Amino acid sequence: MSFLRNYSMFTSDNEAPQIFHFWSAMSVLSAVVSRRVHLDLDYFKVYPNLYIVLVGSPGSRKTTAMDIGKEFVYTIGDIPFSAECQTKQSICQDMSLNCQKTFTNDKGEVVRYTPYAIFSTESSHFLGHASAKEMIDFLTAIFDAKFYNTKTKNKGDYVLM
């Protein structure tokens, strides 16, 4: 059986809508696979990076579905997580210092990558009210970047791969 089918069976008796469980399962796959798998389209590569936002009315069980996926990823224990509320500078520092990983691809080359999972119950809380535009710009910039480098006046210089 496939992971998605198993996940669907696992969550079938849960009160959250199956569409929320489907996208939570996709977030688990994205976090686990990270940049170790890609689709090579000659000029560029497509990675399974996903930004998923569950949208529904209050009480529609978005957090219930998300928490199941989050627990799956957390249980694996090898995938770094953001905090519920975190600054761009803190994310860069964390990813640069604590999240760098390597694997050997099918050509025998060592590839560096930086996995990072964000499971936040409230996007406005994670993005920050005053700095939401800056955080969205940052998350967009690092989405498929080969590397991202940041320099701050007081917090250091960091490179994300």
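Biologist: Which residues in H2 meet H3?
Modeller: This is a predicted model, and in it Phe20, His21, Ser24, Val28, Ala31 and Val32 are the ones in H2. On the H3 side they meet Lys62, Ala65, Met66, Ile68, Gly69, Phe72, Val73 and Ile76.
Biologist: And how does that contact of H2 with H3 divide by class?
Modeller: There are 10 nonpolar, 3 polar and 1 charged residues.
Biologist: What's the angle between H2 and H3?
Modeller: About 25°, with the axes 9 Å apart. Angles under 35 degrees count as roughly parallel, so H2 is roughly parallel to H3. Their crossing is right-handed.
Biologist: Switching to H1, which residues does it use to meet H3?
Modeller: Phe3, Tyr7 and Phe10 in H1 meet Ala65, Ile68, Gly69 and Phe72 in H3. By class, that contact has 6 nonpolar residues, 1 polar and no charged.
Biologist: What about the geometry of H1 and H3?
Modeller: H1, residues 3-10, packs on H3 at about 125°, and the axes are 12 Å apart. That makes H1 oblique to H3. The crossing of H1 and H3 is right-handed.
Biologist: New topic: where is serine 60?
Modeller: Serine 60 is in the loop between strand S2 and H3.
Biologist: Buried or exposed?
Modeller: Buried, because its relative accessibility is 16% and the cut-off for buried is under 20%.

Definitions and conventions:
Residues are numbered from 1 along each chain as its sequence is written. This is a predicted model: local features need pLDDT of at least 70, side-chain atom pairs count only at pLDDT 80 or more; totals for chains, interfaces and linings use all residues. Side-chain values use heavy atoms; hydrogens and water are left out. Axes are lines fitted to C-alpha atoms, for helices over the stretch in contact, and angles run from 0 to 180 degrees between N-to-C directions. Helices (H or I, at least four residues) and strands (E, at least two) are DSSP runs, numbered from the N terminus. Angles under 35 degrees count as roughly parallel, over 145 as roughly antiparallel, 65 to 115 as roughly perpendicular and the rest as oblique. A crossing is left-handed if the near helix is turned anticlockwise from the far one by less than a right angle, and right-handed if clockwise. Contact means heavy atoms within 4.5 Å. Ala, Val, Leu, Ile, Met, Phe, Trp, Tyr, Cys and Pro count as nonpolar, Asp, Glu, Lys and Arg as charged, and the others, Gly among them, as polar. Buried means under 20% relative accessible area, exposed over 50%, partly exposed in between (1.4 Å probe, protein chains only).
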